[in-house]
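I opened this notebook to record what I looked up in one structure. The entries follow the order in which I consulted it.

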Amino acid sequence: MTVLSIQSLSMRFDQPGGVAVQALKDVSLDLRQGELMSVLGPSGCGKTTLLNILAGFLAPTSGSVTLGGKPVTGPGAERGMVFQQGALFEWMSVRENVGFGPRMKGMPKAELREIVDHLLDTMGLKDFKEKAVYELSGGMQQRVALARCLANDPDVILMDEPLGALDALTREKMQGLVLRLWKETGKTIVLITHSVEEALLLGERLVVMAPRPGRIHREYRLPFAEMGAGQDLRGIKKHPEFARTREEILGMIWDMEEEIMGRVEAG
Ligand SMILES: Nc1ncnc2c1ncn2[C@@H]1O[C@H](COP(=O)(O)OP(=O)(O)OP(=O)(O)O)[C@@H](O)[C@H]1O
Ligand SMILES: [Mg+2]
């Protein structure tokens, strides 16, 4: 069943007195319920623009997005967002951050406590519930951000470089956590990343975008996310098919970057 339908999206940013930027051109995608899609592509290819349109923060120049058959015209609680960093409420405790959405909707205290406790236990943050956000490491903060997003029980989770600011080891652990949550919750997830390995590991479906204009260049269906939900991610990276696809995509992105540089040098 299609949950999120993206139809011929185009986005043009008109610069006052400057050249317009075609950030997206004719992007169409249908996401099934429970699908985990990673989006990869060189800087400036329109990944964040796409996500902002899906979130309802930006209205496209043309095309449409529907969620569960209804047109997306603005932000809504059925779409949860997780950003690279800095989106938590610094002045609130971990518990208050995670419970923020349901509390705003008037959820009774006892139920709220139960949901928040459960989420924080799942995220391995049992002993940090009453801590302030600034007392946590970057990895812990991203776990809080994930928990806060899940507390709203969204239909779709939109993540823009959620693990981009983490050190390599923490990042690997978090990739495992994202896969586990995906399997346990059955959520539909769109995850943007700069990392080819991450896109391969987490994308059941992987979309490679190309820049100028931002568009879909290539799409893959991959077995690694399914495999990774049950086994160690290190082992998967040694899989010959993983290595082959990684090289193929690295080559693809390399060529795009070369082309951009060429164009920049040529003026
Ligand atoms: N509000 C805006 N006004 C004008 N141009 C914009 C705006 N937002 C994005 N752009 C331009 O649209 C293009 C796509 O930007 P976007 O941020 O979506 O790329 P991205 O793929 O997320 O890049 P990165 O990997 O660096 O995060 C870029 O050329 C960018 O400069
Ligand atoms: Mg971006």
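Predicted model: local features only at pLDDT ≥ 70, side-chain atom pairs only at ≥ 80, totals over all residues.

**Entry 1. The loop between β9 and β10.** I looked up where Arg-212 sits and found it in the loop between β9 and β10. Arg-212 has a positive phi of about 50°, although it is not a glycine. The peptide bond from Arg-212 to Pro-213 is cis, with omega near -5°. Pro-213 lies in the loop that runs between β9 (205-210) and β10 (215-221). I set beside this the general rule that most residues other than glycine have a negative phi, and that most peptide bonds are trans.

**Entry 2. Another positive phi.** I next turned to Asp-26, whose phi is near 50°, a positive value in a residue other than glycine. Asp-26 belongs to strand β2 (residues 21-32).

**Entry 3. The protein as a whole.** I stepped back to the overall content and noted nine helices and 10 strands in the secondary structure of the protein. Along its principal axes the C-alpha trace spans about 60 × 45 × 40 Å. For 267 residues a compact globule would have a radius of gyration near 18 Å, and the protein has 19 Å, which agrees. Buried residues make up 38% of the 267 residues. I also looked at contacts between residues at least 6 apart in sequence, and 69% of these join residues at least 24 apart.

**Entry 4. The open sheet.** In which order do the six strands of the open sheet follow one another? I read the order as β6-β7-β8-β3-β9-β10, with mixed pairing. The edge strands are β6 (79-82) and β10, each of which pairs on one side only. Neighbouring strands of this sheet are turned by 20° against each other on average, direction ignored. As background, strands of a sheet pair through backbone hydrogen bonds, either parallel or antiparallel.

**Entry 5. Strand β3 and its partners.** I followed β3 (residues 36-40) to β9, to which four bridges join it, and these two strands run parallel. Ser-38 has Leu-206 in β9 as its bridge partner, and Leu-40 has Val-208 in β9. β3 also pairs with β8 in the parallel sense, over four bridges. Here Met-37 stands opposite Val-190 in β8.

Entry 6. I asked how many residues of β3 are buried. Five of the five are buried, so β3 is largely enclosed by the rest of the structure. In a regular strand the side chains alternate between the two faces of the sheet. I found both faces of β3 covered: Leu-36, Ser-38 and Leu-40 on one side and Met-37 and Val-39 on the other are all buried.

**Entry 7. Helix α1 across the sheet.** I then located α1 (residues 47-55), which lies across β3, β6, β7 (156-160), β8 (188-192) and β9. Helix α1 runs at about 150° to β7.

**Entry 8. The shell around ligand 1.** Which residues come nearest to ligand 1? Of the 13 residues around ligand 1, I listed Phe-13, Ala-23, Ser-43, Thr-48 and Thr-49 as those that come nearest. The elements that give two or more residues to this shell are β2 and α1. With three residues, α1 gives the most to the shell. By class, I recorded four nonpolar, eight polar and one charged residues around ligand 1.

**Entry 9. Met-227.** Lastly I looked up Met-227, which lies in helix α7 (residues 224-228). Met-227 counts as partly exposed because it has 17 C-beta neighbours inside 10 Å. I also checked the separation of Met-227 from Leu-112: they are 115 residues apart in sequence and 34 Å apart in space, C-alpha to C-alpha.

Key
Residues numbered from 1 in each chain as written. Chains lettered and ligands numbered in written order. Buried ≥ 20, exposed ≤ 12 C-beta atoms within 10 Å, placed from the backbone. Pairing = 2+ DSSP bridges. Axes fitted to C-alpha atoms, helices over the stretch in contact; angles between N-to-C directions. Contact = placed C-beta atoms within 7 Å. Near = placed C-beta within 6 Å. Nonpolar A, V, L, I, M, F, W, Y, C, P; charged D, E, K, R; others polar. Rg over C-alpha atoms; globule rule 2.2 N^0.38 Å.
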